[in-house]
Amino acid sequence: MSIGKGEFVCIIGPNGAGKTTLIKCLNRIWRGGSGGISIAGKPLNHYSQGELARLLAYVPQADGRTAPFTVYEFVMMGRYPYLDAFSSIRSEDDKVIRKAMETTGTSDFAERFFDTLSGGERQKVFLAAALAQQGSMLLLDEPTTFLDPRHQIEINRTLKRVNQEDGVTILSATHDINSGLGIAERIIALKAGKIIFDGPGDVLAGTNVLRDLYDHDFLITQHPKTGKPMILPEED
Amino acid sequence: MSRHRFWILTAIAMVSLAVVVIAPFIGIISTPPRVLWGDNGSELAADVFWRLRLPRVALGFLAGAALAAAGMAFQAMFRNALATPFTLGVSSGAALGATLCIHLGWSFSILGVSAVSLSAFFGALGSLMIVYGITLCRSGFSTTTMLLAGVAVSLFFSSLILFMQYMTDLTSSFRILRWLMGGMEVVGFRAVTSAFPFVVSGVAVVFYFARELNLFAVGDDFAVSRGVDATRTKTALFLATTLMVGGVVALCGPIGFIGMMAPHICRLMIGSEHRYLLPATVLFGGMFLVLCDLLARMLIAPAEIPVGVITALLGGPFFVWLLLRRSSSGAFLT
């Protein structure tokens, strides 16, 4: 599989299909395994972890984790790959941090402690920290799971904007098929580590892939406003 | 924010300085400052000041600083509010070394460092190597494995210590017990100079990795995806802090609570940004142990209370009070 610059790709698949593994192998949170990954034509293991961090930014699964930092401090950590041990942040770093917070709508709670935020706000802050990393590719692991509809939509809108305006490549693993269909140009379906579909969302909706993927029947309808396909799990 | 921190740090530094300067003058034999210049012929007082109290205060400060700094690093790396260097079996390794030495009746000294201290140091080193070895045996480097290995080694060593203490004669048994309670009864600066390089290099390594500690405090995946080489960084941190703690514990015995408590208290005052937290923790830990040692010397003078007893007696209730007072402030890791 290969992902082009500026693409917006959603990875779907049942639990245990290898979505998280794929993302964690890409930024080397997990090492080992067989097979090879190349980024910009260069094999993954020729990159230092720091070089990799300047290319790939990562938003972890919202697992309820907290951090003993203020939001500003937290977003500042995205600048880590650009600073060495004794340099403090420069004004251009500050600018990047402020912009990342603005893009994600987190500027208002810059000085609040991370653990006083709600789950949705925290996820936006994680996204801001990833944007501050200024990678050309954003890796997201279930970015909107556990969030309320408003936060889901806000996060998706931000992703779309970052993709279109800044040309950031996005690879997002998700269980939320409908939001994937709504926002990604390309869907990759994984089952037990194998790719069983790779193509646009409307093509996916016209196939039996979802049925194979989840071993369950689905109804396909249309969004009344956007006309995009909507997937509903069939009731038995 | 930054200005606020600067003032807190300055305040902690001033108070620490005051404590370190005043502490050596306090004791059963009164030592007014003028005796230092030896005018009124009180050579005993001057001797007590230079050869007993000053080295003791210096060692106390070094030990407190080292234990606190190591505790701070461990809490961040394990993302666990209860992690201390002792969690990795350093103290039980040191205690086993010391116990063995007392039990076998070794008595020699190298460069002014006693046999008990040397054995304790090698005990600490040995337990570190065992724990580290177990961690590396399992594929990959997992802090959870390390934590569990540390607990297992600690428990195993503790049983060996109890066994030896049970088998040995009464005098040795008491010496072992006394060593386990911790204390800083040193004479002269030899002990201080032997601990100094360990503590300074340990604190320097922790400071060098302060930003990595910030990232580890959020999570290993977060740190790695920000470009931290986690295995290398953690290995360097573990080695440096454990050597530092080993060096201190060998001289002072396993003094509990400071490593866990000092970083938390400082977090409440100054936040968790480790570049500010470390200097605060080092100063506070040093000052706190000097104060505890002062109490240990004074409370039932002329007898002394083991300083480990004081740190735990003061630390326990204070810690509970902190826990109950603050619910959410970004001050705790978990």
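**Close-up views of a predicted two-chain model**

**View 1. The interface of chain A with chain B.** In this predicted model, 26 residues of chain A are in contact with 25 residues of chain B (contact: C-beta atoms, placed from the backbone, within 7 Å). Helix 2 (residues 49–55) of chain A supplies four residues, the largest share of the side of chain A that touches chain B (helices: DSSP runs of H or I, at least four residues, numbered from the N terminus). That side of chain A has 14 nonpolar, seven polar and five charged residues (nonpolar: Ala, Val, Leu, Ile, Met, Phe, Trp, Tyr, Cys and Pro; charged: Asp, Glu, Lys and Arg; polar: the others, Gly among them).

**View 2. Helix 7 and helix 10 of chain B.** The axes of helix 7 (residues 190–208) of chain B and helix 10 (residues 230–252) of chain B come within 8 Å and cross at roughly 155° (axes: lines fitted to C-alpha atoms over the stretch in contact; angles: 0 to 180 degrees between N-to-C directions). The two helices are therefore roughly antiparallel to each other (angles over 145 degrees). Among the contacting residues are Phe198(B) and Val205(B) of helix 7 of chain B, and Leu243(B) and Met244(B) of helix 10 of chain B. This contact has 13 nonpolar, four polar and no charged residues.

**View 3. Helix 2 and helix 11 of chain B.** Helix 2 (residues 43–78) of chain B packs at about 75° to helix 11 (residues 258–270) of chain B, with the axes 7 Å apart. These helices are therefore roughly perpendicular to each other (65 to 115 degrees). Contributors include Leu67(B) and Met72(B) of helix 2 of chain B, and Ile258(B) and Pro263(B) of helix 11 of chain B. Here the classes are eight nonpolar, four polar and no charged residues.

**Notes.** Residues are numbered from 1 along each chain as its sequence is written, and chains are lettered from A in the order in which they are written. Local features need pLDDT of at least 70 and side-chain atom pairs count only at pLDDT 80 or more, whereas totals for chains, interfaces and linings use all residues.

Definitions and conventions. Two residues are in contact if their C-beta atoms, placed from the backbone, lie within 7 Å. Angles under 35 degrees count as roughly parallel, over 145 as roughly antiparallel, 65 to 115 as roughly perpendicular and the rest as oblique.
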